[in-house]
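Hi,

Here is the structure I promised to pass on. Have a look at it first, and then read on for what turned up.

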Amino acid sequence: MNDRWVKIFQIAVTYIGTVVGAGFASGQSIMQFFTLYGSVGAAGIIISTLLFMWLGTKMMIYAHRIQAFSYQEFNDHLFGRLFGKVANFLTLLILLGVTAVMLSGTGSIFAEQLQLPYQLGIIVSIVLSYLVMIKGMNGIVVVNVLVVPMILLFTSLIAFRAIEPEGLFGINGFQLQQLESYKWVLSPFVYAALNFAFIQAVLIPLGSEVQEESTLKWGGFWGGIGLGSMLLIYHIALNSRMPEMLSYEIPMAVIVRDLGPFLHVLFLLVLYGEIFTTLIGNVFGVTRQLQSLYQVPKNMTMLIILVACFVISQAGFASLLTYLYPMFGYIGMLLLILLAFRRLPLR
């Protein structure tokens, strides 16, 4: 029984760690998808949380039943062989784009928060990613088990120290203007679709490697609960200081800075770790995809992927996230719809 709960914990934290990357942990994507709409954004977070709990679990169980080696087999089964090829190509583009966002996020931490060179943060991340990725899925799980509890601890700290009551129900003139576009209606679905488009790179191999479905169900359930709780707490903290937060690339670091210099530095380390977990998860997924298509050496493939994403990351963190994330979210909507309505394969 203890071993089973350890596995459930590992699945939950790996799920959380893969989603909580640069955009989530920094506060940028939460601000773009939810906090721009003030108190209405909280309702959107509840919808996204339910989707994470339901469809994240369903994705892992689906992969478990068809024993998918990578997201290629999953998409072929879900979309059909012809449209599966299109879905695999789009997933590959999304993974490369999100990996570039992760790399640029590490550069922004070094530049904006530590006053160190932007390129140094990216190069350090590439080297560390390569060293961890050599260990495969075990390396990913171990990193998440170490990092995710720390970010959950910081989230609890933010809940007690940085949240103001008006953060939940407050809405200002700028946010009322954003509501006129009606993007807030689609926002929770686009946000969930964006995440499912790239977390399949980790959840699918994870689902196929775990032996018991009940373990996957509980891991997906608690992973979704954890993500929803963090989304809501970050949103409330950000909303209490809008629209000031729009001028920062890493707004959550600005909020934590008010809690003292020690906690600020510690948060930056945890934030870096969270970005890192998503980075290695994406590279792992792309590597598996290419290995399933071609007979290519794993280590060389990982290195090529990291170098390609290094080139894309030069566009800058906020710019990449603002333009790429919504676009990827709309692309991922078809995956979200099919996953919701397609029946699970028989055991």
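Let's start with Trp 218, which is partly exposed, with a relative accessible area of 37%. Keep in mind that this is a predicted model. Trp 5 is also partly exposed, at 40% relative accessibility.

Why bring these two up together? A pair of aromatic rings is described by the distance of the centres and the angle of the planes. Searching the whole structure gives eleven aromatic pairs. In the one made by Trp 5 and Trp 218, the ring centres are 6.2 Å apart and the planes sit at 50°, so this pair counts as tilted. Trp 5 belongs to helix α1 (residues 2–19) and Trp 218 to helix α12 (residues 213–239), so the pair ties together parts that are 213 residues apart in sequence. Ring pairs also link up a cluster: Tyr 15, Phe 33, Phe 34, Phe 52, Tyr 191 and Phe 196.

Now for the inside. The largest nonpolar core has 108 residues, and Phe 24, Phe 74, Phe 196, Tyr 234 and Phe 267 have the most contacts inside it. Take Phe 24: beyond its neighbours within four places in sequence, its contacts include Val 19, Ile 30, Tyr 191, Leu 227 and Tyr 234.

And the outside? Leu 114 is partly exposed, with 36% relative accessible area, and is found in the loop between α6 (81–113) and α7 (118–133). Leu 114 is part of a nonpolar surface patch that also includes Leu 116, Leu 120, Ile 123 and Val 124. Together, the patch residues have about 690 Å² of accessible area.

Cheers

Terms used. Residues are numbered from 1 along each chain as its sequence is written. This is a predicted model: local features need pLDDT of at least 70, side-chain atom pairs count only at pLDDT 80 or more; totals for chains, interfaces and linings use all residues. Side-chain values use heavy atoms; hydrogens and water are left out. Patches are made of residues with over 30% relative accessible area and no salt bridge: like charges are joined within 9 Å, nonpolar side chains (Val, Leu, Ile, Met, Phe, Trp, Tyr) within 5 Å. Accessible areas come from the Shrake-Rupley method with a 1.4 Å probe; for residues, only the protein chains shown count as cover. A salt bridge is a side-chain nitrogen of Lys or Arg within 4 Å of a carboxyl oxygen of Asp or Glu. Helices (H or I, at least four residues) and strands (E, at least two) are DSSP runs, numbered from the N terminus. Buried means under 20% relative accessible area, exposed over 50%, partly exposed in between (1.4 Å probe, protein chains only). A nonpolar core is a set of buried Ala, Val, Leu, Ile, Met, Phe, Trp, Tyr and Cys residues joined through side-chain atoms within 4.5 Å. Contact means heavy atoms within 4.5 Å. Rings of Phe, Tyr and Trp (its six-membered ring) pair if their centres lie within 6.5 Å; planes under 30 degrees apart count as stacked, over 60 as edge-to-face and the rest as tilted.
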